[in-house]
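Thanks for coming. Please have a look at it first.

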Amino acid sequence: MTGITYVRGDATAPTGKGVRIIAHVCNDIGGWGKGFVLALSRRWPEPEAAFRRWHRDRARNDFALGAVQLVQVGPYLWVANMVGQHGIRSVRTGGEGVPVRYRAIDTALTALAGRAAELDASVHMPRIGCGLAGGRWSRVEPLVHNRLAARGIPVTVYDHGG
């Protein structure tokens, strides 16, 4: 796939200039406590607080699979909470099935593309949906390409470590 830059590094410290959006996948049960969200919370309290309010008030807002919440954490920096995971995988229950929902990620990326274009922003992310959500990058990468990179939105994917 073209149009996606892969780097080793920390997605919570996106490279480059201009407006940047850090995109990640959240679950639809309001859980925030494992995986990439911990790195976000170590840097900024706002994304977690906003996500928890969004989930708590879901009867009166758009919180659902495929929804996106943008939270500003700096003058040129935003975090996109994208609901692309149904529930969580529980070790106690044997982890039946995976929580990733590719259609919801696709819907969220489409919405994110619109916001990124409005803000003239680049998008930065870990391999979304492929950690605790249990997804496969071979299924997510084409969605990222088609919804963001193919529209001319610069995308950087961060592989943590070394």
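Is Asp 10 buried, exposed or partly exposed? Asp 10 is partly exposed, because its relative accessible area is 26% and the label covers everything between buried, under 20% relative accessible area, and exposed, over 50%, with a 1.4 Å probe and protein chains only.

A word on where this comes from. The model is predicted, so local features need pLDDT of at least 70 and side-chain atom pairs count only at pLDDT 80 or more, while totals for chains, interfaces and linings use all residues. Residues are numbered from 1 along each chain as its sequence is written, and side-chain values use heavy atoms, with hydrogens and water left out.

Back to Asp 10. Its partner in a salt bridge is Arg 43, with 3.3 Å between the closest N and O atoms. A salt bridge here is a side-chain nitrogen of Lys or Arg within 4 Å of a carboxyl oxygen of Asp or Glu. Side chains of opposite charge can pair when their charged atoms come close. Arg 43 is in helix H1 (residues 36–43) and Asp 10 in the loop between S1 and S2, so this pair links distant parts of the chain, 33 residues apart. Helices (H or I, at least four residues) and strands (E, at least two) are DSSP runs, numbered from the N terminus. Arg 43 counts as partly exposed because its relative accessibility is 44%.

How many salt bridges does a search of the whole structure find? It finds seven. One of them joins Arg 115 and Glu 118, at 3.4 Å from N to O. Both lie in helix H3, three residues apart, about one turn of the helix. Arg 115 is partly exposed at 31%, and Glu 118 is exposed at 62%. There is also a network of salt bridges linking Arg 56, Asp 57 and Arg 60.

Now the rings. The whole structure has five aromatic pairs. Rings of Phe, Tyr and Trp (its six-membered ring) pair if their centres lie within 6.5 Å; planes under 30 degrees apart count as stacked, over 60 as edge-to-face and the rest as tilted. Why is the pair of Phe 51 and Trp 54 edge-to-face? Because the planes of the two rings are at 75°, with the centres 6.4 Å apart. Both residues belong to helix H2 (residues 46–56). Trp 54 also pairs edge-to-face with Phe 63, at 4.9 Å centre to centre and 80° between the planes. Phe 51 is buried, with a relative accessible area of 0%, and Phe 63 is buried at 9%. Together with Trp 32, these residues, Phe 51, Trp 54 and Phe 63, form one aromatic cluster.

Last, the interior. A nonpolar core is a set of buried Ala, Val, Leu, Ile, Met, Phe, Trp, Tyr and Cys residues joined through side-chain atoms within 4.5 Å. The largest has 32 residues, and those with the most contacts inside it include Leu 112 and Val 144. H3 gives the most to this core, with seven residues. Apart from it lies another core, of 16 residues, with Trp 32 and Phe 51 among them.

Which residues of helix H4 (residues 137–147) are buried? They are Trp 137, Val 140, Glu 141, Leu 143, Val 144 and His 145. Among the elements covering them are strand S1 (4–8) and helix H3 (102–119).

Methods. Contact means heavy atoms within 4.5 Å.
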